[in-house]
Amino acid sequence: MTTLLRADRIVTATEDLHDAWMVVDGSAGADRSGVVVAVGTGTPPTTGSATTVAGTIIPGMVDLHAHGALGHDFAACTVDDAVAAASHHRTHATTTLVASIATGTVDDTVAALRRLRPLVTDGTLAGLHLEGPWLSPARRGAHRADLLHPPTPAEVDTFLDAADGALAVVTLAPELPGALDTVQRLVAEGIVVAIGHTDATADQTRRAVDAGATLVTHLFNGMPPLHHREPGPVGVALTDDRLMVECIVDGHHLDPVAVDLVRRAAPVRMVLVSDAMSATGCPDGDHTIASSAVSVRGGVAMLRDGSSLAGSTITVADAVRRLLDSGAPLTEVVAAASTRPARLLGGPTPLTIGAPADLVVLDDAGVISTPVVVP
């Protein structure tokens with residue numbers, strides 16, 4: 001059955017419409033959201049049912065980087081717990097979620113890939129993200145130093161076999177031996193390669209981009225700071241138009257000035273991510289991420305020894321609200337939270353004709369609803 005949704009405003013990936021409407025076919029497609037069949041303004045077509053939405057319709061959030069929620073870490077939890085963690089993000093407006101697996105032993109990583117890949121097949125997850133073990137010990141953040149090492153062709157094969165097509169993103173440090181060959185191999189498999197947890201020079205970073213890397217994992221975090229004589233990964237990320245750049249806009253990982261710098265230097269390349277760890281949706285307390293002890297106080301996740309931030313406890317919708325409160329235009333924020341990450345994953349352009357009707361509503365108070373269920 002087709003349903004007409006009317007709203008004062010609809011912002012899709014390509015249009016900003018006022019006094020607008022959208023027609024959704026709830027019976028089309030295999031997913032739970034239905035499919036967008038028309039979008040416009042003025043007089044709408046006749047449909048089987050109609051409803052007026054109080055607020056602005058926007059695409060659901062697309063999160064490329066989340067480690068879990070509700071006490072569940074994607075690197076170690078059961079399938080049922082992974083479903084619960086994904087559901088938490090969905091009820092907080094993330095309609096497309098990539099599950100991030102932090103550094104573990106090779107055996108543990110293989111087990112996590114095998115355990116989670118059915119959730120990619122059934123659409124619960126949009127893919128898997130391997131963050132480690134091919135990272136720099138010098139910029140390890142919350143990752144265990146004793147488990148970090150350069151990639152080898154055999155290990156790449158092992159992880160690809162375990163994922164069986166479910167691997168969507170891999171973060172690596174391009175200065176490691178064998179890293180550039182690994183970039184080329186992964187890109188040839190259709191996997192997005194992200195530069196992160198790296199001590200690379202600007203030249204090493206550029207070589208990784210030349211090899212096919214297209215994303216930077218949580219810009220500024222897990223890499224050398226920008227320096228005027230040694231610009232490093234940050235300098236390349238802000239100036240190379242081939243790179244999308246993840247930003248964790250939670251008020252802790254990035255100062256507002258740094259966020260503004262990214263918006264000005266790379267206005268069409270910013271991607272909002274949560275980097276949500278298992279404590280997301282939980283009270284303050286002690287937690288773990290990939291076997292590293294983490295303490296959460298005031299919603300801020302730190303390694304128990306206080307040496308590093310250990311992910312965040314936000315969802316992408318929280319970052320959206322923070323950006324909107326700073327004065328960023330809604331169209332810009334939608335692009336960073338939905339359009340660009342969807343494009344990186346190779347998915348349909350959000351809320352355009354033929355795309356899944358993964359939509360949420362932003363009300364006048366800045367509250368973003370759970371995804372709208374269309375009959």
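Me: What does "partly exposed" mean for a residue such as Arg-321?

Reply: Buried means under 20% relative accessible area, exposed means over 50%, and partly exposed is what lies in between. This is a predicted model. In it, Arg-321 has a relative accessible area of 26%, so Arg-321 is partly exposed.

Me: Which residue does the side chain of Arg-321 meet in a salt bridge?

Reply: The general idea is a side-chain nitrogen of Lys or Arg within 4 Å of a carboxyl oxygen of Asp or Glu. Here the partner is Asp-318, at 2.5 Å from N to O. Asp-318 is also partly exposed, because its relative accessibility is 28%.

Me: Where in the chain do Asp-318 and Arg-321 lie?

Reply: Both are in helix 8, residues 316–325. They are three residues apart, which is about one turn of the helix.

Me: Which salt bridge links distant parts of the chain?

Reply: Take Asp-286 and Arg-297, whose closest N and O atoms are 3.6 Å apart. Asp-286 sits in strand 15 (residues 285–289) and Arg-297 in strand 16 (residues 292–297), eleven residues apart. Asp-286 is partly exposed at 48% relative accessible area, and Arg-297 is partly exposed at 47%.

Me: How far apart are the closest N and O atoms of Glu-189 and Arg-185?

Reply: They are 3.7 Å apart, and the two residues form a salt bridge. The cut-off is 4 Å. Glu-189 has a relative accessible area of 47% and is partly exposed; Arg-185, with 31%, is partly exposed too.

Me: How many salt bridges does the structure hold, and which residues are linked in a network?

Reply: The structure holds 15 salt bridges. A network of salt bridges links Asp-260, Arg-263, Arg-264 and Glu-332.

Me: Is His-88 buried or exposed?

Reply: Apply the cut-off again: buried means under 20%. His-88 has a relative accessible area of 12%, so His-88 is buried. His-88 belongs to helix 1, residues 79–91.

Me: Which residues is His-88 in contact with, leaving aside its neighbours within four places in sequence?

Reply: A contact means heavy atoms within 4.5 Å. With those neighbours set aside, His-88 is in contact with Ala-69, Leu-70, Thr-280, Gly-281 and Thr-315.

Me: How many aromatic pairs does a search of the whole structure find?

Reply: The search finds one. The rings of Trp-134 and Phe-159 have centres 5.6 Å apart and planes at 40°, so the pair is tilted. Trp-134 is in the loop between strand 9 (127–131) and helix 3 (153–163), while Phe-159 is in helix 3; the pair links distant parts of the chain, 25 residues apart. Both residues are buried.

Me: What should I read for the chain as a whole?

Reply: Start with the elements: there are nine helices and 18 strands. Next, compare the radius of gyration with that of a compact globule. With 375 residues, such a globule would have a value near 21 Å; the chain has 20 Å, which agrees. The C-alpha atoms fill a box of roughly 60 × 45 × 40 Å along the principal axes.

Me: What share of the residues is buried, and what share of the accessible surface belongs to carbon and sulfur atoms?

Reply: Buried residues make up 56% of the 375. The accessible surface comes to about 14,600 Å², with 52% of that belonging to carbon and sulfur atoms. For contacts between residues at least 6 apart in sequence, 67% join residues at least 24 apart.

Methods
Residues numbered from 1 in each chain as written. Predicted model: local features only at pLDDT ≥ 70, side-chain atom pairs only at ≥ 80, totals over all residues. Heavy atoms only, no water. Buried < 20%, exposed > 50% of the residue type's maximum accessible area, 1.4 Å probe, protein only. Helix = DSSP H or I, 4+ residues; strand = E, 2+ residues; numbered from the N terminus. Phe/Tyr/Trp six-rings, centres within 6.5 Å; stacked < 30°, edge-to-face > 60°. Rg over C-alpha atoms; globule rule 2.2 N^0.38 Å. Areas by Shrake-Rupley, 256 points an atom, 1.4 Å probe, with all protein chains shown as cover.
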